[in-house]
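Dear colleague,

Please find the structure below, together with its sequence. A summary of the findings follows it.

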Amino acid sequence: MTPYRVLSPMRIVDRYLLRLLVLPVLLGLSVFVVILMSEAAIDLGQALVGSTVPVSLIAQYLLYSLPRAVSWSLPVGVLVGVAMVSTAITRNGEATAVRASGTSLRRLWVPFIAVGVLGSVASFCIEEYVVPGANQRSTRAFLQMTNSQPVLRPRNDQAFRDKDGRIFYVGHMDEKTNRLDDVLVMSNAEDGQLRTLTAAKWAELRGKSWVLCEGVVLTFGPDGAPVGKPQRFATQEVSLWAALQDYYLDQRSEFEMSARELEQASVVLETGGIDAQRLKVRMQFKYSIPLACLIFVLVAAPLGMRYAHLGSFVGIVLSILIVFLYNGVRSWGLAFGLVGDLPPAVAAWAQNVIFGGWGLYLVLRAR
């Protein structure tokens, strides 16, 4: 005769609640993923207006954009699941029955907290280990789609560096004509001293080569003084394509670099005497955003039960309200952090401290 393991009543309740959570968590996750992927599709459509691109290439780009959307959507999925289930078990009298047996609400919320912790760990792991590689592939797909399209975006006063250490400055980028205005190219020696300075009124794209037009080249000696006379030229080819693509890659991947990569990049910038505030803020958000899964549980479980009497859709309404408020605080923290008005840790963790404190207050008040 096969022995059967007898589960305690609360273990049965735990399993029951976990089963209830599966569908609403997946529902909230799916809806938010669709929203984020729709935004990615809209951005892609704006970049490819009037272009003919293979469907397979578009599918690759969207597929590799999916991990980041899932990472950012996990907290919302957990929030929706906990809010809906806590509301449902209260309205159905199941929470009252469990409490009547002498079990506290805190014990009842253990499955919710477990799901919040699991969601936070999963969100961080996806963001840290899956998103960077997927982002590189999505960027390659994007570059393949735009190889025959305008390679520029309308921007002014942009500076960037290529893999050879050359520094480029562009006064204006015209995406309609693939033209650069007011171009400077600075090449340094191994000791960091300026060796050549090339200045051109404008540059145009010919095939896959950039040609500087109406320019001058200055050469400098080890002491930093000019050597010889300026050499004027009508046209001069320069290998700018890779530098521009690396520049756009950096612009697109700042949100999607791993926390470790952001930390290493900030150290490199600070070593060179460049302010790394922006990268430090992004790095801190890499840790703070995944924790939102647990923070949302602490807030949604007590509120879902408290306001369950208002109707079946209280869980959805609470989810929308909490996401709206949380994202508002996060956005303000990000804005003040990027301009340097707040330290990176404060800018990235303010929303978690505020909502986490609120959640702990609600949990500690529960009986």
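Accessible areas here come from the Shrake-Rupley method with a 1.4 Å probe, and for residues only the protein chains shown count as cover. By that method the chain exposes about 19800 Å², of which carbon and sulfur atoms supply 62%.

This is a predicted model, in which local features need pLDDT of at least 70, side-chain atom pairs count only at pLDDT 80 or more, and totals for chains, interfaces and linings use all residues. Residues are numbered from 1 along each chain as its sequence is written, and side-chain values use heavy atoms, with hydrogens and water left out.

The mean pLDDT (the predictor's confidence in each residue, from 0 to 100) is 82 for the chain, and 83% of its residues reach 70 or more. Over residues 148-152, however, the pLDDT is below 50, and this stretch has 21 contacts in the model beyond near neighbours in sequence; a contact means heavy atoms within 4.5 Å.

The chain has 11 helices and six strands, taken as DSSP runs numbered from the N terminus (helices: H or I, at least four residues; strands: E, at least two). Of its 367 residues, 42% are buried, meaning under 20% relative accessible area, with exposed being over 50% and partly exposed in between (1.4 Å probe, protein chains only). Among contacts between residues at least 6 apart in sequence, 65% join residues at least 24 apart.

One residue was examined individually. K280 lies in helix α8, residues 277-288, and counts as partly exposed because its relative accessibility is 27%. Leaving aside residues up to four places away in sequence, K280 touches S266, E270 and P344.

With kind regards
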